[in-house]
Amino acid sequence: MISNILATDIKEHFPMLKKFDDKRSESNNILTSDAASLLSGIIVHASDFGHAVKEFNICQTWSDRVNR
């Protein structure tokens with residue numbers, strides 16, 4: 001859970017994408033605990049800024065709710 005929270009830090013964006021790309025290019029399809037943790041972090045990271053692609057009024061409403 002802590003690693004997922006830390007994954008929301010924007011400074012982790014490009015290092016996380018690099019790690020994901022490296023894992024994706026590996027020939028095996030085995031989901032290790034490290035790969036599962038990375039995938040979980042990417043999902044949380046994408047969810048963290050995904051609201052910004054919504055219409056402005058929806059984005060603003062949810063930003064207000066989160067920041068109360």
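Reply: Start with the largest pocket, which holds about 280 Å³ of space. This is a predicted model: local features need pLDDT of at least 70, side-chain atom pairs count only at pLDDT 80 or more, and totals for chains, interfaces and linings use all residues. Residues are numbered from 1 along each chain as its sequence is written, and side-chain values use heavy atoms, without hydrogens and water.

Me: What is a pocket, and how is a volume defined?

Reply: On a 1 Å grid over the protein atoms alone, a pocket is an open set of points with protein on both sides within 12 Å along at least five of seven lines; lining residues have an atom within 4 Å of a point. Volume is the space filled by probe spheres (1.4 Å) set on the points. Here, the lining of the largest pocket includes F20, R24, I30 and L39.

Me: Which helix gives the most to the lining of the second largest pocket?

Reply: Helix 3 does, with four residues. Helices are DSSP runs (H or I, at least four residues), numbered from the N terminus. The volume of this second largest pocket is about 230 Å³.

Me: How are two packed helices described?

Reply: By the angle between their axes and the distance between the axes. Helix 2 (residues 13–25) and helix 3 (residues 33–50) pack at about 140°, with axes 11 Å apart.

Me: Which residues of helix 2 meet helix 3?

Reply: H13, M16, K19, F20 and K23 do. Contact means heavy atoms within 4.5 Å.

Technical notes. Axes fitted to C-alpha atoms, helices over the stretch in contact; angles between N-to-C directions. Helix = DSSP H or I, 4+ residues; strand = E, 2+ residues; numbered from the N terminus.
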